[in-house]
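Hi,

Here is the structure I promised to pass on.

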Amino acid sequence: MSVIAIVGAGPGLGAAVARRFGREGFSIALISRDQEKLDALAGELSATGLTARGYAADVLEPSALEDALARAAAELGPVTALQYSPLPSRDYLKPVLDLSPELALEALSFSALGLIHAARAVLPGMKDAGEGSIILINGGTSVKARAGFAGTSVAFPAESAYGEMLHDALKDEGIRVAQLVIPGGIPKLQLPNGIDDVAERIWQLHAEAGDFRTMLIPLEDGRE
């Protein structure tokens, strides 16, 4: 059975993506910091007939993240799709003059280094299978820096650069690497089907090879 691991799973986008992939027969590994909340979400999904389990891990703790992905693969099967979408701390949204080296390093660890650890944990299985996908979800500061959102303006571009390099390195191996940029809060985007439209776009990025970056809406139409 195919497996999607959602890093940064929650009741909003994570749950919508879980439902969308679940309809395609995927088992779902939910990863975030709070095991109790994960268990509740897994229970809600399981009640609809899906296979879902929660694995608590903090992306700032690489060994915990790698262990969570390893346990998911052992219990559910090799990870076929990885969604990396942890929600950045509001501390990363400080003005540039308030950005300390320590906070910048933490933001980079959260976004870029967390993705590197997660990708390296699932890529061996994808390479063995000859297929898979890694999907990054980022805000508009991955494309254009904003002085009022200094942490993500530093960290998201680094995450993007790694993802784009992966895209180029793996595109001939059947492994798709894609980034969906959401320049604004999803509830404010006035999509016809709300968050389910975002989940559908993510499914398409998994199912169809294409360019690395996809904008959910034009950058100028949204805000962080």
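Strand 1 and strand 2 run parallel and are joined by five bridges; strands pair here if DSSP finds at least two bridges between them. Helices (H or I, at least four residues) and strands (E, at least two) are DSSP runs, numbered from the N terminus. In that pairing, Ile4 stands opposite Ile28 of strand 2. To get from strand 1 to strand 2 the chain passes through helix 1, and this β-α-β crossover is right-handed, meaning that with the strands pointing away from the viewer, the path from the first strand over the helix to the second runs clockwise. Strand 1 is also joined to strand 4, by four bridges and again parallel, and there Ile4 stands opposite Ala81.

Before you go further: this is a predicted model, where local features need pLDDT of at least 70 and side-chain atom pairs count only at pLDDT 80 or more, while totals for chains, interfaces and linings use all residues. Residues are numbered from 1 along each chain as its sequence is written, and side-chain values use heavy atoms, with hydrogens and water left out.

Back to strand 1: five of its five residues are buried (under 20% relative accessible area; exposed is over 50%, partly exposed in between, with a 1.4 Å probe and protein chains only). Val3, Ala5 and Val7 are buried on one side of the strand, and Ile4 and Ile6 on the other.

Zooming out, the open sheet has seven strands in the order 3-2-1-4-5-6-7, with parallel pairing. Its edges are strand 3 (52-56) and strand 7 (213-215), each pairing on one side only. From one strand to the next, the twist averages 20°. Angles run from 0 to 180 degrees between N-to-C directions, and axes are lines fitted to C-alpha atoms, for helices over the stretch in contact. Further along, strand 5 (residues 132-138) and strand 6 (residues 175-181) run parallel with seven bridges between them, and Ile135 has Ala178 as its bridge partner in strand 6.

Now the helices. Helix 1 (residues 13-22) packs on the sheet, touching strand 1, strand 2, strand 4 and strand 5, and its direction makes about 175° with that of strand 1; contact means heavy atoms within 4.5 Å. Helix 4 (residues 101-129) lies across strand 4, strand 5 and strand 6, at about 175° to strand 4. The axes of helix 3 and helix 4 come within 9 Å and cross at roughly 30°. Pro62, Leu65, Glu66 and Leu69 make that contact from helix 3, with Gly114, His117, Ala118, Ala121 and Val122 from helix 4.

What about the inside? The largest nonpolar core has 35 residues, and Leu69, Leu123 and Leu166 are among those touching the most other members. Such a core is a set of buried Ala, Val, Leu, Ile, Met, Phe, Trp, Tyr and Cys residues joined through side-chain atoms within 4.5 Å. Helix 4 gives the most to this core, with nine residues. Leaving out residues up to four places away in sequence, Leu166 touches Ala119, Leu123, Ile134 and Val177. Another core, of 32 residues, lies apart from this one and includes Phe21 and Leu38.

Beyond residues up to four places away in sequence, Ser153 touches Thr141, Ala145 and Arg146.

Cheers
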